Amino acid sequence: MNLGIALAALLLGMMALILWLYENRKTNVREIALVSTLSALAAVSRIFFAALPNIQPTTFIVMTSGFVFGPSFGFMTGALAAFLSNNFLGHGPWTPWQMLAWGLAGFVSGLLGESGIHKSRIIFTVYAFVWGFLFDWLMNLWHWLFFIYPLNLRSFVAVYAASFYFDMLHAAGNGVFAFLFGKDLANILGRYKDKLTYDR
């Protein structure tokens, strides 16, 4: 079996397990509604910017949701955003990889939420810039495994070098969105989180 296909199947299994675990834990109805809303927002923003090469606000929205609401919330927002947007942009073997990459962006940001990175406009911008590259590097790995032969160091370097321009566009766009809107979005979501906690 092709290594890429095997890994895609493994990722699908992981996604199914994560979704099942999330479904079976105690989750507030408002939290589920908020995950759905932010996922839809991230998905629509990706579709809206689809004409621009690799520039979209999805990544920074997913990261901000993770920062404010935590790792599992961030992962679900990222994974669902990828799935929902691909209903319009097209599904394929890349979908589980995108779900994983955006899910990890939200998850890692959730783990760093207590650090206060999102409260500093400059630090958040740098962090978002780095995640633009990290997302695309994971997607480059999928491309290398599925479409490149032979799988060796030379072909690996060639794939990453060829995609550098598009990776840079994602990183730069992500940084700009984070600089312009990241702190404000985090504040809005933070106030909503406080309201949810108070209402409980």
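Is Tyr-165 buried or exposed?

Reply: Happy to take you through this, keeping in mind that the model is predicted. Tyr-165 is exposed, as its relative accessible area is 54%, above the 50% cut-off for that class.

A search of the whole structure turns up 17 aromatic pairs. In one of them, the ring centres of Tyr-165 and Phe-166 lie 5.3 Å apart with planes at 75°, so this pair is edge-to-face; the angle needed for that label is over 60 degrees. Phe-166, at a relative accessible area of 41%, is partly exposed.

Another pair joins Phe-146 and Phe-147. Here the centres are 6.3 Å apart and the planes meet at 45°, so the pair is tilted. Phe-147 has 54% relative accessibility and therefore counts as exposed.

Ring pairs also build a cluster, which links Phe-48, Phe-49, Phe-60 and Phe-177.

A further aromatic residue to look at is Phe-179. Arg-121 lies over the face of its ring, 5.8 Å from the ring centre. Phe-179 is also touched by Thr-125, which contacts Gly-175 and Ala-178 too, leaving aside residues up to four places away in sequence. Thr-125 belongs to helix α6, which spans residues 121–147. Thr-125 has a relative accessible area of 17%, so it is buried; the limit for that class is under 20%.

How values were computed
Residues numbered from 1 in each chain as written. Predicted model: local features only at pLDDT ≥ 70, side-chain atom pairs only at ≥ 80, totals over all residues. Heavy atoms only, no water. Helix = DSSP H or I, 4+ residues; strand = E, 2+ residues; numbered from the N terminus. Buried < 20%, exposed > 50% of the residue type's maximum accessible area, 1.4 Å probe, protein only. Contact = heavy atoms within 4.5 Å. Phe/Tyr/Trp six-rings, centres within 6.5 Å; stacked < 30°, edge-to-face > 60°. Lys NZ or Arg CZ within 6 Å of the ring centre and 35° of its normal.
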